Amino acid sequence: MLSFHPFDRKKHTLVETLNSLSILYTPTNKILVMTKYLVFSDIHGASLAPVREMFEARKVDVGICIGDFDRVYSAREAKSIQKDHPLYVAPGNHDQAHLYKRTISSGRLRDQGVTSNELWDEWDNDQEATKYINDMLNN
């Protein structure tokens, strides 16, 4: 199987797409298979509405999220997207820090005017989002 992954880095956005082209050989002919991936990370409290739009508008086959939700509403949005689309999620270091009460310092959190203590409270008060991240960490 021949596989290559061109990645468009012309402009940085929350959501970037990644296409994979695979040529499968069968005894009688070649079959061209195109898989469209949506790869995104470092959400840091942003809305995932663009992710849902990309799944639908660009006919994305598989989504991959590499964590750092920071806010419970972003984690809840990812869980909601998973009900309708194949989205694989790996929690980031921020997500683990909030659950295990480790202090995180980042420009994105300062921009939002939120401290680690406030985020710990936010995660403590949302058992569904906390369970969502914990389940991924423990599997």
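Reader: What should I know before starting?
Author: This is a predicted model, where local features need pLDDT of at least 70, side-chain atom pairs count only at pLDDT 80 or more, and totals for chains, interfaces and linings use all residues. Residues are numbered from 1 along each chain as its sequence is written, and side-chain values use heavy atoms, leaving out hydrogens and water.

Reader: Which residues touch the most other members in the largest nonpolar core?
Author: Phe40, Leu48, Phe69 and Leu87, out of 21 residues. A nonpolar core is a set of buried Ala, Val, Leu, Ile, Met, Phe, Trp, Tyr and Cys residues joined through side-chain atoms within 4.5 Å. Buried means under 20% relative accessible area, exposed over 50%, and partly exposed in between (1.4 Å probe, protein chains only).

Reader: Which helix gives the largest share of this core?
Author: Helix 2, with four residues. Helices (H or I, at least four residues) and strands (E, at least two) are DSSP runs, numbered from the N terminus.

Reader: What does Phe69 touch?
Author: Its contacts include Ile43, Leu48, Ala78 and Ile133, not counting residues up to four places away in sequence. Contact means heavy atoms within 4.5 Å.

Reader: New topic. At what angle do the axes of helix 1 and helix 2 cross?
Author: Roughly 15°, and the axes come within 10 Å. Axes are lines fitted to C-alpha atoms, for helices over the stretch in contact, and angles run from 0 to 180 degrees between N-to-C directions. That makes helix 1 roughly parallel to helix 2. Angles under 35 degrees count as roughly parallel, over 145 as roughly antiparallel, 65 to 115 as roughly perpendicular and the rest as oblique.

Reader: Which residues make the contact?
Author: Helix 1 uses Ala49, Val51, Arg52 and Phe55. Helix 2 uses Glu77, Ser80, Ile81 and Asp84.

Reader: And Leu119, buried or exposed?
Author: Leu119 counts as buried, because its relative accessibility is 0%. Leu119 sits in helix 5, residues 116–124. Leu119 touches Asp70, Arg71, His98, Leu109 and Val114, not counting residues up to four places away in sequence.

Reader: How far apart are the C-alpha atoms of Leu119 and Val72?
Author: 8.7 Å, though 47 residues separate them along the chain.

Reader: Last one. Where does Thr130 lie?
Author: In helix 6. Thr130 is buried, at 11% relative accessible area. Leaving aside neighbours within four places in sequence, Thr130 contacts Leu99 and Trp123.
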